[in-house]
Amino acid sequence: DVEISAEKRIDAKAKFGRGNEVKLQFGRFLDLLDGGSDAYYLTTQDVLTTADGRPHVMSPFMEKLADDFPLRPKLIGNLIPQNINVWMGRSKGGSSSGL
């Protein structure tokens, strides 16, 4: 299990994007979602930098998942990813980015 930062709403009517981040284990985050909580939202995680100051492509959390997805999916053609993230949450009413 790995520690993540997730945004937590203060109540059901509050919106995400307010910067109220909490630290918790990823397994605990999944348990909360599985239990029906829509108060938590996983967004971009902080990335580490190399000795010369260049950012890593993925956060330590994403690096643990790197064997589970292609680093250069066919969908992006010749593009090279600059940053790889995952967004995850739960919505009782459903939600989509439209992608």
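**Notebook: a pocket and some rings**

I started with the second largest pocket, where β1 gives the most to the lining, with three residues. The model is predicted, so I kept in mind that local features need pLDDT of at least 70, side-chain atom pairs count only at 80 or more, and totals for chains, interfaces and linings use all residues. Numbering runs from 1 along each chain as its sequence is written, and side-chain values use heavy atoms, leaving out hydrogens and water.

I noted that β1 (3-8), β2 (21-25) and α2 (60-65) each supply at least two lining residues; helices (H or I, at least four residues) and strands (E, at least two) are DSSP runs numbered from the N terminus. Among the residues lining this pocket I found Val2, Glu3, Lys23 and Phe61.

Next I looked up the rings, and the structure holds three aromatic pairs. In one, the centres of Phe26 and Phe29 are 6.2 Å apart and the planes at 20 degrees, so I wrote down "stacked". (Rings of Phe, Tyr and Trp, using its six-membered ring, pair if their centres lie within 6.5 Å; planes under 30 degrees apart are stacked, over 60 edge-to-face, the rest tilted.) Both residues sit in helix α1 (residues 26-34), three residues apart, about one turn of the helix.

Phe26 also pairs with Phe61: centres 4.8 Å apart, planes at 55 degrees, so this pair is tilted. Phe26 is in helix α1 and Phe61 in helix α2, so the pair ties together parts 35 residues apart in sequence.

Buried or exposed, I wondered about Phe61? Phe61 is buried, at 4% relative accessible area (buried is under 20%, exposed over 50%, partly exposed in between, with a 1.4 Å probe and protein chains only). Phe29 is buried too, at 0%.

Note on methods: On a 1 Å grid over the protein atoms alone, a cavity is a set of points where a 1.4 Å probe fits but cannot get out, and a pocket is an open set with protein on both sides within 12 Å along at least five of seven lines; lining residues have an atom within 4 Å of a point.
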